[in-house]
Amino acid sequence: MTAEAKAAAPREYPWRIPANWWLRNRHYFLYIAREFTVVPIALWLLWLLVEIKRAGDGRAHYAPHGSTALVVFSVITLLFALYHSYTFLSLAGVIIHVKVLDRPVPSRVIVLAQFALWAVASVVVGFALIWFAR
Amino acid sequence: MSTETRQRRSVAYAHLIYWFLFAQGGVVAAVLVPAHVLIQGILGPLGIVPVVDRHYDTWVAMLGNPIVKLYLLVLIAVPFFHIAHRVRYLLTDFGIKAAKSLPAQVVFYGGAVLVTLVTIWVLLTTVPISLG
């Protein structure tokens, strides 16, 4: 392209998102944190799958994971998992619309029901994991 | 029914299944995962409470139960349909346009299907089903 043609060609200003856009605002940051929660959760679930697979090693070779690295990884995952639970279950109040006796159930009640479900499920899971270890 | 109408219906049907899996994946991850992480990933390894996977006998006894197998399939596989979607959009948010392409969809949602198949395989082959 000659210099003349270059000058005549329409200039393009493609809009590019700055790499740090999500650090500029607290809401953006929390949004990205919320979306990111699934990454440690995914890795942790894959670890659980490995822990299940290891049961196939046989009694003599079975050794459960118990390193400091696993505990640190789990603490980080737990923080993200709790944030996922908090944001996802809170969202239920916006998404779910139920009517009882022709009156809409207030979103606060729906959110409370979701958190109650989470509490009950956690107690049941925790109980089973500990009770059957005896 | 015209071809167009039929096509539109089939697309909506796929969306229905996908959004159902996405939502359920979010629910499973929200309601069940934190307790597992806390107990199996932190309290168990630290020796604060006895946990079923710390000992071979208790772990195998639990894994042989068909209801537990079904539960673990839901616990592990279903969240991946949620995860796949969120990671794809996370990449899009960071300016990776390719994450929106059809090949990316195949990779991400196909990945969730793959995790499901691997989980089924692990659950069925690791410890035989026992009702005792």
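The buried residues of H2(B) are B:Val33, B:Pro34, B:Ala35, B:His36, B:Val37, B:Leu38, B:Ile39, B:Gln40, B:Gly41 and B:Ile42. A residue is buried if 20 or more other C-beta atoms lie within 10 Å of its own, exposed if 12 or fewer, and partly exposed in between, with C-beta atoms placed from the backbone. H2 of chain B spans residues 33-43 and is mostly covered, with 10 of its 11 residues buried. Helices (H or I, at least four residues) and strands (E, at least two) are DSSP runs, numbered from the N terminus.

The model is predicted; local features need pLDDT of at least 70, side-chain atom pairs count only at pLDDT 80 or more, and totals for chains, interfaces and linings use all residues. Residues are numbered from 1 along each chain as its sequence is written, while chains are lettered from A and ligands numbered from 1 in the order in which they are written. The pLDDT is the predictor's confidence in each residue, from 0 to 100. Chain A averages 89, and 95% of the residues score at least 70. Within chain A, confidence is lowest in helix H1 (residues 3-8), at a mean of 68. It is highest in H3(A), at 96.

Chain A holds five helices and two strands. Their order from the N terminus is α-α-α-α-β-β-α. The radius of gyration of chain A, taken over C-alpha atoms, is 25 Å. A compact globule of 134 residues would have a value near 14 Å, by the rule of 2.2 Å times the number of residues to the power 0.38. Along the principal axes, the C-alpha atoms of chain A fill a box of roughly 85 × 60 × 25 Å. Buried residues account for 17% of the 134 residues in chain A.

The two chains touch through 46 residues of chain A and 47 residues of chain B. Two residues are in contact if their C-beta atoms, placed from the backbone, lie within 7 Å. On chain A, helices H2 (26-36), H3 (38-54), H4 (68-95) and H5 (107-131) each supply at least two residues of the side that touches chain B. H4(A) gives the most, with 12 residues. By class, this side of chain A has 31 nonpolar, nine polar and six charged residues. Ala, Val, Leu, Ile, Met, Phe, Trp, Tyr, Cys and Pro count as nonpolar, Asp, Glu, Lys and Arg as charged, and the others, Gly among them, as polar.

One helix pair links the chains. The axes of H2(A) and H5(B), residues 79-93, come within 9 Å and cross at roughly 145 degrees. Axes are lines fitted to C-alpha atoms, for helices over the stretch in contact, and angles run from 0 to 180 degrees between N-to-C directions. H2(A) contributes A:Ile32, A:Glu35 and A:Phe36 to the contact, and H5(B) contributes B:Arg86, B:Tyr89, B:Leu90 and B:Asp93. These residues divide into four nonpolar, no polar and three charged.

The largest nonpolar core has 52 residues, of which A:Ile41, A:Ile52 and B:Phe80 touch the most other members. A nonpolar core is a set of buried Ala, Val, Leu, Ile, Met, Phe, Trp, Tyr and Cys residues joined through C-beta atoms within 7 Å. H3(A) supplies the largest share, eight residues. Beyond its neighbours within four places in sequence, B:Phe80 contacts A:Ala42, B:Gly25, B:Ala112, B:Val115 and B:Thr116.

B:Val78 lies in the loop between H4 (66-77) and H5 of chain B. B:Val78 counts as buried because it has 24 C-beta neighbours inside 10 Å.
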